[in-house]
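Trainee: Before I use these labels in my own work, I would like to go through them one by one and hear what each of them rests on.
Mentor: Then let us open the structure and take the labels in turn.

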Amino acid sequence: MSHYVTVPPSLPGELVESGCIIYIGPGNGNGYGVKRVQGKKCYAHRLALEAKLGRSLKPGYCACHTCDVRGCINPDHLFEGTYSENTLDAVKKGRYCKHSQKLTESDLGEIRQQLERGVSHTELAQR
Ligand SMILES: [Zn+2]
């Protein structure tokens with residue numbers, strides 16, 4: 001059974017069995033929820049993290065998911081990290097390196113580029 005919750009700052013979400021809170025609202029086409037704030041499109045999960053931290057994210061940082069569910073806005077599943085930290089974190093968790101080969105700098109660069117283009121961790125891990 002799922003039920004509806006509101007995550008600060010007033011983001012409507014649905015709490016699912018996994019513990020994730022899935023944002024109910026428009027998406028931006030790549031799985032992330034978006035909410036308009038003062039006419040500007042903002043990522044819902046980023047707003048949820050900023051509300052939890054009580055401040056804006058540092059420049060160059062992004063709202064990362066520990067659960068890898070893009071639509072998730074559960075503040076407990078969000079942390080402030082850089083793109084490369086996010087990637088390295090995923091590597092540490094073994095999502096990229098299933099065959100224990102070492103990732104080179106260029107691999108990481110490529111992964112980073114793909115992440116920026118919106119390729120999901122799961123897709124990358126499968127490659
Ligand atoms: Zn989650």
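Trainee: What makes His 77 count as buried or exposed?
Mentor: This is a predicted model, and in it His 77 has a relative accessible area of 15%. Buried means under 20%, so His 77 is buried. The residue lies in the loop between β6 and β7.

Trainee: Which residues is His 77 in contact with, if its neighbours within four places in sequence are left aside?
Mentor: His 77 is then in contact with Gly 19, Cys 20, Cys 64, His 65, Thr 66, Cys 67 and Cys 72, where contact means heavy atoms within 4.5 Å.

Trainee: Why is Cys 67 called partly exposed?
Mentor: Cys 67, which is also found in the loop between β6 and β7, has a relative accessibility of 24%. Buried would need a value under 20% and exposed one over 50%, so Cys 67 counts as partly exposed.

Trainee: What does Cys 67 touch, not counting residues up to four places away in sequence?
Mentor: Cys 67 touches Cys 20, Cys 72 and His 77. Cys 67 and Cys 20 are 47 residues apart along the chain, and their C-alpha atoms are separated by 7.8 Å.

Trainee: How do you know that β6 and β7 pair, and in which sense do they run?
Mentor: Two strands pair if at least two bridges are found between them, and four bridges join β6, residues 62–65, to β7, residues 78–81. The two strands run antiparallel, and Cys 62 stands opposite Gly 81 in β7.

Trainee: Which way do the residues of β6 point?
Mentor: Cys 62 and Cys 64 point one way, while Ala 63 and His 65 point the other way, and all of them are buried. In a regular strand the side chains alternate between the two faces of the sheet.

Trainee: Which aromatic pair is there, and why is the pair called tilted?
Mentor: The count comes to one aromatic pair. The rings of Tyr 32 and Tyr 43 have their centres 5.2 Å apart, and the cut-off for a pair is 6.5 Å. Their planes stand at 55°, whereas stacked would require planes under 30 degrees apart and edge-to-face planes over 60, so the pair is tilted.

Trainee: Which parts does the pair tie together?
Mentor: Tyr 32 lies in the loop between β3 and β4 and Tyr 43 in strand β5, so the pair ties together parts that are 11 residues apart in sequence.

Trainee: How do Tyr 32 and Tyr 43 count by accessibility?
Mentor: Tyr 32 has a relative accessibility of 21% and counts as partly exposed, and Tyr 43, at 32%, counts as partly exposed as well.

Trainee: What is the order of strands in the open sheet, and what makes a strand of it an edge strand?
Mentor: The open sheet of three strands has the order β1-β2-β3 with antiparallel pairing. Its edge strands are β1 and β3, as each pairs on one side only. The twist averages 40° from one strand to the next. Three bridges join β2 to β3, and the bridge partner of Glu 14 in β3 is Ile 22.

Trainee: Which element gives the most to the largest nonpolar core?
Mentor: That core has 13 residues, and those touching the most other members are Val 7, Leu 11, Tyr 23, Ala 44, Ala 48, Leu 49 and Ile 73. Two or more residues come from β3 and from α1, and α1 gives the most, with four. The buried residues of α1 are Ala 44, His 45, Leu 47, Ala 48, Leu 49 and Glu 50.

Methods:
Residues numbered from 1 in each chain as written. Predicted model: local features only at pLDDT ≥ 70, side-chain atom pairs only at ≥ 80, totals over all residues. Heavy atoms only, no water. Buried < 20%, exposed > 50% of the residue type's maximum accessible area, 1.4 Å probe, protein only. Core = buried A, V, L, I, M, F, W, Y, C linked by side-chain atoms within 4.5 Å. Axes fitted to C-alpha atoms, helices over the stretch in contact; angles between N-to-C directions. Phe/Tyr/Trp six-rings, centres within 6.5 Å; stacked < 30°, edge-to-face > 60°.
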